[in-house]
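This briefing concerns a single protein chain. Please view the sequence and the structure below, then read the points grouped by topic.

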Amino acid sequence: GTYGLVALFLVSGLLELLLWTDKDEKEVGDYGNPLSLGMPLGWSDDMRDRELNNGRAAMFAAMGIIAAELATGKDAVEQLI
């Protein structure tokens, strides 16, 4: 409930302030390979464009889910069933 929301807000704020900070020696948005799952794909214009397109597709998907929920009154899981 309310305590969970407050805890989530505080934890995300601390992560933003302490861990997810921009460094002057890196380009904007370059957070490296945080999970180190294999070889990094590199920091190129092509990879930057792919990441932007994936983010845009995710935003459109989220908007579609929200619009469908507002139109039908069912959440995303209920709409699948």
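This is a predicted model: local features need pLDDT of at least 70, side-chain atom pairs count only at pLDDT 80 or more; totals for chains, interfaces and linings use all residues.

Ile66 is located in helix α2. Between Ile66 and Ala76 there are 8.3 Å in space, C-alpha to C-alpha, and the two are 10 residues apart in sequence.

**Helix α2**
- Helix α2 covers residues 45–72, which is 28 residues.
- At 1.5 Å a residue, helix α2 should span 40 Å, and the 41 Å between its end C-alpha atoms agrees with this expectation.

**The salt bridge**
- The structure contains one salt bridge.
- Asp46 and Arg50 form a salt bridge through their side chains, at 3.3 Å from N to O.
- Side chains of opposite charge can pair when their charged atoms come close.
- Asp46 and Arg50 are four residues apart in helix α2, so about one helical turn separates them.
- An α-helix has 3.6 residues a turn, and therefore residues three or four places apart point the same way.
- Asp46 is partly exposed, with a relative accessible area of 43%, and Arg50 is also partly exposed, at 48% relative accessibility.

**The chain as a whole**
- The chain has three helices and zero strands, and its elements run α-α-α from the N terminus on.
- Of the 81 residues in the chain, 0% are buried.
- The accessible surface of the chain is about 7,600 Å², and 66% of this surface belongs to carbon and sulfur atoms.

Technical notes. Residues are numbered from 1 along each chain as its sequence is written. Side-chain values use heavy atoms; hydrogens and water are left out. Helices (H or I, at least four residues) and strands (E, at least two) are DSSP runs, numbered from the N terminus. The expected span of a helix is 1.5 Å times one less than its number of residues. Buried means under 20% relative accessible area, exposed over 50%, partly exposed in between (1.4 Å probe, protein chains only). Accessible areas come from the Shrake-Rupley method with a 1.4 Å probe; for residues, only the protein chains shown count as cover. A salt bridge is a side-chain nitrogen of Lys or Arg within 4 Å of a carboxyl oxygen of Asp or Glu.
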